[in-house]
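Dear colleague,

I am handing over the structure below, and after it I set out what was found in the model. Please read the notes with the coordinates open beside them.

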Amino acid sequence: MILAMQTFYGRLVLPLLALWFTVQFVSAKHTVITRRYKFNVQMTNVTRLCTTKALLTVNGQYPGPPIVAREGDRVVVNVTNNVQNNVSIHWHGIRQLRSGWADGPAYVTQCPIQTGQSYVYKFIIKRQRGTLWWHAHISWLRASLHGPIIIYPKKNASYPFPRPHQEVPIVFGEWGNADTETVINQALQSGAQANVSDAYTMNGLPGLMYNCSANDTFRLKVIPGKTYLLRLVNAALNSDLFFGIANHTLTVVEADAVYVKPFQTNIILITPGQTTNVLFTAMSQPPNATFLILAGPFATGTAAFDNSTSAGVLEYVANGTPVNTSSLPMMKPTLPAPNDTCFRSQFSQKMRSLGNPNFPAASAPQKVDKQFLFTVGLGLNPCPQGQTCQGPNNTKFAASINNISFIQPTTALLQAYYFNQSNGVYNTTFPDNPPFPFNYTGTPPNNTRTLNDTRVELLPFNTTVQLVLQDTSIVTFESHPLHLHGFNFFIVGQGMGNYNASTDPANFNLVDPPERNTVGVPSGGWAALRFLADNPGVWFMHCHLEPHTSWGLKMAWVVLNGNGGRSQSLLPPPKDLPPC
Ligand SMILES: [Cu+2]
């Protein structure tokens, strides 16, 4: 009888469920779901490496809480500043189509939120799904003010890979025992390099290899035979990172919220600003070993870096109980040497956009309207009179794009642009090409001074842009992770040495180039990007190594409104936009 009832309900319920799903699907097409969050920025005491620090946190959490939404959703985040510092929050990788006022970089799209004030960020997530992240975008506050943005596919849409048993975000960061604001302020004052961090972290935990950290270790429990999706975010201030799990192969499936052609690797490389989704399958039987999860630095220059390693532990759970690991051998993945540029170039070649009939990729511009060559690198500026400086030979470290060290204005560029008040705030003379051509990857020029100014590059709506970023040998080669706000770009080419405009374009990949928001420009080499300037507003572009940004390796693009009316125009500023 009971069986008969179940069958009866089974027969009745299934068609009803199908009908319900259909109704949901149809209505989902017409209603935008709003995900609301309240971010209270506050001071919170946190202890790591036996050192207690007052950290800026969102809602007391370190790292900060995740934003969770689906593609197509509207996200509304009410940020209240309860600390003494000025604060602004950036939604890293979110396209912000026409909603530039919500992008967040201080003095670029908004003035910062002052103590006791609030600002409500509102944006819609369009044509993006995967992992992105949010972080403070003023001085070095992002050291502790950051968290993941998890974007699921639209309702009833699937992944281009089998649904994983569980999804786990891992946010990499850096912990310094010193106060990070003091570190950068002293460095800018003295002209010296900023002190490096004391530890790398996974979800805020340094892990087994550091003092006092046995209990501050990231542990990932897995069930034999199940597949897991790791949502990796590099929120470190100053380091590209290698990542691997001992004896487990990773399959890369997405980067910067764009699906990629899946490829297998033991180790991945991720620059600050980048996100990468990887799958791995736990062994089918609980093994007689424990497995370390490691994250360690990729660093190519002559600058000092934190050469330590964060370690988490992969733990097997069998029949509902954790396998006792205390007596088991501990397996370690082999990370490449910190300066392994070979690994970097091989790994970056494997990144290709997915692009199949069910999951079509956006296509890179095949023709370009405007071409730019930007050098990215370091410089040395003279010490102000009457002061002693701690850069080489009594200089101050600087960094620049096309020899311009960007000076942060005291009002927001976007406001100045929108209200036609650019006079005295910025000018539109940013050079399209290096002002003093030299052998960029050969002997550096004698004069390594940079020009301090606030210059922007103007682009008409829907311009197709080719931008070549060229590293320089000034002071030292270094891998610069360049991040562009407001757009994804296609990485159509990369190479070592100087970019050659007559021979290199023939080798560009215009078929399945990766589409990203952050590119690691090869140390001593170049990267060629293409993007369509279809988003009116003012868009920051900068190195995501925080010391370089502080030294001026940043600039902004102004993308004008199109002639197509409202749909091609920047929206008016919200009423609660913070004043300066
Ligand atoms: Cu850099």
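Taken over C-alpha atoms, the centres of domain 1 and domain 3 are 25 Å apart. The domain assignment of the chain, which is automatic or comes from a database, gives domain 1 as 30-158, domain 2 as 161-353 and domain 3 as 370-567. Please keep in mind that this is a predicted model, in which local features need pLDDT of at least 70 and side-chain atom pairs count only at pLDDT 80 or more, while totals for chains, interfaces and linings use all residues. Residues are numbered from 1 along each chain as its sequence is written, and side-chain values use heavy atoms, with hydrogens and water left out.

**Between domain 1 and domain 3**

With contact taken as heavy atoms within 4.5 Å, 25 residues of domain 1 touch 29 residues of domain 3. The two domains bury about 2200 Å² between them, 58% of it on carbon and sulfur atoms, where buried area is the accessible area (1.4 Å probe) that two parts lose on being put together, summed over both.

There are 21 residue pairs in polar contact between domain 1 and domain 3, both residues being at pLDDT 80 or more; a polar contact is a pair of N or O atoms within 3.5 Å, and within protein one must be able to donate a hydrogen and the other to accept it, while residues adjacent in sequence count only if both atoms are side-chain atoms. On the side of domain 1 that touches domain 3, β5 (89-92) and β7 (130-136) each supply at least two residues, and β7 gives the most, with 3 residues. Strands here are DSSP runs of E with at least two residues, and helices are runs of H or I with at least four, numbered from the N terminus.

**Salt bridges**

A salt bridge requires a side-chain nitrogen of Lys or Arg within 4 Å of a carboxyl oxygen of Asp or Glu, and by this rule the count comes to 12. Between domain 1 and domain 3 the count is 2. Asp534 pairs with Arg95, their closest N and O atoms being 2.8 Å apart. Glu546 and Arg142 also form a salt bridge, at 2.6 Å from N to O; this pair links helix α5 to the loop between β7 and β8 (146-152), the two residues being 404 residues apart.

**The copper ion**

His480 (ND1), Cys543 (SG) and His548 (ND1) coordinate the copper ion at 2.0 to 2.1 Å, where donors are N, O and S atoms within 2.8 Å of the metal (3.2 Å for Na, K and Ca), and the site may look incomplete because water is not among the atoms. Since His480 lies in strand β28 (residues 480-484) and His548 in helix α5 (residues 546-550), the pair ties together parts that are 68 residues apart in sequence.

Best regards
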